[in-house]
Amino acid sequence: MDLKSSRRLLLRGWRAIGQVEQLAAAWGWPQREVSVSAPDPFEEPSSVSWWGDGQRLVMTHYDDWDVRLSYLIFTGADAGEVREAFENAEARLDAWSLDELLAEARNASDPGEVAKAVERAAYGAPTEFDERFFTVIDDALRHDDARVREGGIWAASMAQYPQLQPQLMAIARTDEMERLREMAAVLVRSADDDAK
């Protein structure tokens with residue numbers, strides 16, 4: 001069966017599972033799977049899934065421990081059902097809209113905040129190419145401040161737009177920071193391996 005997945009629905013706040021549990025209960029979706037892959041095994045699980053609508057749809061909540069972001073992904077066989085569930089959840093949960101993610105990334109001024117906002121935008125970006133999100137990430141990759149370029153590299157790893165490859169290749173070859181050259185080179189190699 002060919003499954004369809006939504007983009008990430010990025011939730012405000014770290015470890016925002018409480019509001020997701022309330023939504024699942026309101027929908028009558030039972031919890032089906034818990035995955036413990038958190039750095040600390042005594043912490044709460046890093047992903048929890050619920051199956052709904054006759055088990056045709058799955059809603060999975062993730063806590064990304066590296067960047068401290070929580071998000072949902074909907075998966076199912078029917079793209080329309082996946083989209084409808086996503087839109088219903090987006091309307092009921094405290095989630096970032098695409099416009100809000102872009103505004104945060106464009107309006108931040110402190111380099112650390114710019115890097116964080118660009119990463120957050122990439123987490124919530126559409127899975128298909130979106131010029132607005134591409135521009136935000138590409139600008140970060142070209143930024144004078146190494147912290148922003150690093151945020152751009154992390155963002156490129158999440159958005160995975162092939163159009164970012166030329167700038168990642170340039171960073172891998174010429175960036176003044178060895179760490180950033182190495183990070184970009186990993187993404188370039190990964191994209192090359194995926195293309196084979």
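How do the residues of the lining of the largest pocket divide into nonpolar, polar and charged? In this predicted model, that lining holds five nonpolar, three polar and six charged residues.

**The largest pocket**

The space inside the largest pocket comes to about 270 Å³. Its lining is made up of 14 residues. Those nearest the centre of the pocket are Ser6, Arg7, Arg83, Phe86 and Glu128. Two elements, β1 (residues 4-5) and α2 (residues 79-92), each contribute at least two residues to the lining. The biggest share comes from α2, which provides six residues.

**The chain as a whole**

The protein chain has 196 residues, and 47% of them are buried. It contains eight helices and six strands. Read from the N terminus, the order of elements is β-β-α-β-β-β-β-α-α-α-α-α-α-α. The accessible surface of the chain is about 10,500 Å², and carbon and sulfur atoms account for 47% of that area. Contacts can also be sorted by separation in sequence: of those between residues at least 6 apart, 59% join residues at least 24 apart.

**Elements named in this report**

| Element | Residues | Point |
|---|---|---|
| α2 | 79-92 | supplies at least two residues of the pocket lining |
| β4 | 47-52 | five of its six residues are buried |
| β5 | 57-64 | pairs with β4 over six bridges |
| α6 | 146-159 | contains Arg149 |

**A pair of strands**

Strand β4 is mostly covered, with five of six residues buried. Its pairing with strand β5 is antiparallel and runs over six bridges.

**A buried arginine**

Is Arg149 buried or exposed? Arg149, a residue of helix α6, counts as buried because its relative accessibility is 6%, and the cut-off for buried is under 20%. Which residues does Arg149 touch, leaving aside those up to four places away in sequence? Arg149 is in contact with Ala140, Leu141, His143 and Asp144, and also with Asp175, Glu176, Met177 and Leu180. To follow this in the structure, find helix α6 at residues 146-159 and look for the residues that Arg149 touches, including Asp144, Asp175 and Glu176.

Technical notes
Residues numbered from 1 in each chain as written. Predicted model: local features only at pLDDT ≥ 70, side-chain atom pairs only at ≥ 80, totals over all residues. Heavy atoms only, no water. 1 Å grid on protein atoms, 1.4 Å probe; cavity = no way out; pocket = protein on both sides within 12 Å on 5 of 7 lines; lining within 4 Å. Points joined across faces, edges and corners; volume = space filled by probe spheres on them. Helix = DSSP H or I, 4+ residues; strand = E, 2+ residues; numbered from the N terminus. Nonpolar A, V, L, I, M, F, W, Y, C, P; charged D, E, K, R; others polar. Buried < 20%, exposed > 50% of the residue type's maximum accessible area, 1.4 Å probe, protein only. Contact = heavy atoms within 4.5 Å. Areas by Shrake-Rupley, 256 points an atom, 1.4 Å probe, with all protein chains shown as cover. Pairing = 2+ DSSP bridges.
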